[in-house]
Amino acid sequence: MKMSLNILMVLLLTLEVSAVDASPPNEAARKVDSLFIIASSGEIKYRDMVQPAQDSLVAMGEAAVPRMVEKIDIKIAREARTVREVLIKIGAVAVPSLLTRLSDEDTEVVSKTCYILGKIGDSSAIDGLVDVSGHSDWHIRSSAVAALGDIGNERGYEAVSRALADTVGLVRKSAAVAGGKLMNEAAVPHLVGMLADDFYGARMCASEALVKFGKKSLSAIGDSLVFENELQGNLGCTTLGLIGGDSAAVILTAQLTSPSPMRRALAVEGILNCNSSLACGAVELLSSSEKDPLVLFYIEKVLEKYASK
Amino acid sequence: MKTSIIVIMIILAFTGLWAQEMPDSVFERQAVEHLTALLNLKPSDIHFRDDYAKKDSFRLETVADLMDRPYKMIEFAERFKSNCQGGQPEPVLRFVFENLRKETQTAVLRRYRMPEDENLYAGINLYYNSVELNRLLMKAHSFLYDRFPRALDSTMALVNAEDRKFLLDEFKQSVLEDTVDVNKPVDVLDSIQKVEEQYTKRFVGFATKIKKDFIILAGIDAAGSFYNEVMRFQDDIKAGNLSVEQMLSDTIELPPQAGIAEYLGSHEHWAIGGVGDDVYRGEYHFILDFGGNDIYELSYNPDSAHGTIIIDMSGNDIYNAKSDFVIGSGCFSAGLLYDLEGDDIYNGGNFSCGSGYFGLGLLYDGGGSDKYYGDTHTQGAATFGAGIILDMSGADLYSAALFAQGCGLVEGVGLIADYEGNDQYQAGGKYTETYGLAGANVHYLSLSQGFGHGLQPYGGGGIGAILDYSGNDNYVSDIFGQGASYWWSLGLICDSDGNDQYVSYQYAQGTGVHLSLGVLVDERGDDFYRGKGLMQGVGHDYACGIILDREGDDIYQADDLSQAAGSANGIGLLIDDRGDDRYYVREKRNTHGYGNPRRDFGSIGLFIDMAGRDIYTGYGKDDSYWKSDSKWGGGMDIEFWKTDSTGTDGE
């Protein structure tokens, strides 16, 4: 009943709003504009009408696309979000119109278009996205690569692979995320290298991607633990812990003798997360000589967890 | 022999270093390094690029630097406090001016002194015989009719008359809220929003032509100069070297048929009052009042902009705003108000009580327990300028609705520096928040109390600060306040001493929102922090918020997304150095070192308690480390301050 009332209110408001609009280009555009005002309203008193208005826009389907695509350049955050959400829900029929905006001069428009294309997930957008993945603007490169990951088609891998070495951290981050979605094993060594990335977003996303690769990434991570970069090895320990299992736990054991207390602590924590009691003995052995309070803190947790085993 | 002396000197030097206490900031930094390493992060990850959004020409250099290294907000807050110590207006204003430098600015005016007009005093007839009084009046005449107008000409030289008028009409209107908006239908609200966006675009289109430095520096020169004069007057009167009655009665013999208004001190819009109770009504350029409980009913016509200087030597005075831009308010000019003594009441409206709107506004209150009331853009608020309140002592009340109490808007620094007394800061309660930021319940926008605000996405904002040096203070705001900011700006509170209470509903207490920065530093006292969400060290959307409490047994209460939370690629830090503290939260999942993902990657939340027996609800735990189930955050509560024989070893 309440829903019906809301829809009725939306229709009434649509009529009311339409009446004051001076010269709309055509009937469909006029309807889109009217619905859009309500669909993008942030006012709390119109909150119940927002969703029905958005649903009405989505229900218009292809007819709403040209006008909605025109609105991609809107700057007000709430309205921009509405544009995105509606076009994503309209789906594949919006892709041809969206592709035309990939050549827009406004870099924000291109970037937003990439995002929408990625979330729609239709493979007909891949070529267009690959084309802009080398754009001089990093926002566009990042969005294009992320979109290629969202679409999840192997045809996008080459562009993603290139982006793993981009000069901008946020692009590398998008590439790492996309790498974890495309699951091309050729990306693993790059992702392991990225555990030392200067940008935390890229670093942590590389770790998450490697966790998705699971056992396939174990040896590459294990090899990297001896590298000089402390951050890379430390995050490698954490990543191994998140991959888990006996093999990861065994690799981590070697790190218990590291001169760095932080490395030892993260290795013990990794073992804690591995859900494998294989390395428990090595941790117990370490407990007799360990002085660092942080390492001891995690040793205690490991011993507590595996005591019954 | 020579070698022995060198060795002894080295030993002595080191002994001296050991004896010298290391600042807390060194250990805080070590703690941050320790926790970030545990989370596979590093301190340099507390950083934002400058090009997430399109760069604009309004970004302040200080904000840009701090966006690059947000952790330095703590150091900046300490520097701000240290530079404003003492309460003399000129050093305070010079520091404020330094921080108004724009990121893109290549040339900076350090001092601005126009050569005095040779004919400036040509037509002046002296009325009083007192040398001291005439010196003050001549100075006022010089600033009001020569330096300020010429500085304004330089400031607005490239701005046409239409745009100047736009600043006083449409743009000013877009700063203000309307209580009736809440009842308007959706299409009307939508069109209002569109119109305001057009105003903003128009403003951005020409505002870079406004060279505010000229008028601000002229105002600073005047502020420092009159402060010195006024203090000298006060000292001489108190020491009996000057007699007010004699000064005011010792006048020249007026020639027959001479108009009194032709004489210095008797011009139109000027008034000089004695020690009795006086009433001043209307638009004034200059008032000098030597005492009594006075009433001021002040108005200002911005269409014929002018400087205003008001000096009240003593008495319990009441200042009532009869228009915008009065009571230590500079609009296209400088407005200076010095009230040296007494329990005063400042009834301001909009753009009042230490408000700089394309100019400089200073309200200096030398003592007494005062009450400050106002609406919007008041009590230390500034747009393209500086708006300052310096209150030297007394238990003061600051009450306002919006953009107030240390609020910096575009190219503005707004400041309240309160040096003594148990003070109350209240902001909000008038303009309903209609976007549901705080859920369905009725709450009010505050945007005050150490708050920075920019014009998203067109222009970076300013710096808003409260520096409270002592006393048990209460801070109450609602939505946005208390060391917080919105869009490429900085909000800060630095409260040095006292058992303070901070209460707000949302976006407060060391919170940055949308590419922005907020910091709350409380140095001593048993403090209480309370709010609903997005507070107590929160950064939302490429923003950073820090709350640092150095001493005292403190209580922190919040519902959710608080107490060291990063949201939408933001960064939030909570650091508590010492004391037995209590941390209460309602939601365990997004507090105590929490980060949530946006744009396919996480945020950062760092929670650090360095000493004491602490009590928690939520993730935190005394004598423990933890990593929250989030992307990415965690905390530690360990005894970081090892006390050895020197008492200085931190780790």
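This is a predicted model: local features need pLDDT of at least 70, side-chain atom pairs count only at pLDDT 80 or more; totals for chains, interfaces and linings use all residues.
1. Leu415(B) has Ala465(B) as its bridge partner in β23(B). The two strands involved, β19(B) and β23(B) (residues 463–468), run parallel and are joined by six bridges.

2. β19(B) also pairs with β15(B), residues 385–391. That pairing is parallel too, over seven bridges. Within it, Asp418(B) of β19(B) stands opposite Asp391(B).

3. How is β19(B) placed relative to the rest of the structure? Seven of its seven residues (412–418) are buried, so the strand is largely enclosed by the rest of the structure. Side chains in a regular strand alternate between the two faces of the sheet. Here, Val413(B), Leu415(B) and Ala417(B) point one way, while Gly412(B), Gly414(B), Ile416(B) and Asp418(B) point the other, and all are buried.

4. Now the interface. Chain A puts 46 residues into the contact and chain B puts in 43. About 3,800 Å² is buried between the two chains, with carbon and sulfur atoms giving 56% of that area. On the chain A side, Glu43(A), Tyr200(A) and Met204(A) lose the most area to chain B. Together they make up 16% of what that side buries.

5. Six salt bridges are found across the interface of chain A and chain B. One pairs the side chains of Glu269(A) and Lys627(B), at 2.9 Å from N to O.

6. Which helix of chain A gives the largest share of the side that touches chain B? Helix α13(A), residues 200–213, does, with six residues. By class, that side of chain A has 24 nonpolar, seven polar and 15 charged residues.

Notes
Residues are numbered from 1 along each chain as its sequence is written. Chains are lettered from A and ligands numbered from 1 in the order in which they are written. Side-chain values use heavy atoms; hydrogens and water are left out. Buried means under 20% relative accessible area, exposed over 50%, partly exposed in between (1.4 Å probe, protein chains only). Helices (H or I, at least four residues) and strands (E, at least two) are DSSP runs, numbered from the N terminus. Two strands pair if DSSP finds at least two bridges between them. Contact means heavy atoms within 4.5 Å. Buried area is the accessible area (1.4 Å probe) that two parts lose on being put together, summed over both. A salt bridge is a side-chain nitrogen of Lys or Arg within 4 Å of a carboxyl oxygen of Asp or Glu. Ala, Val, Leu, Ile, Met, Phe, Trp, Tyr, Cys and Pro count as nonpolar, Asp, Glu, Lys and Arg as charged, and the others, Gly among them, as polar.
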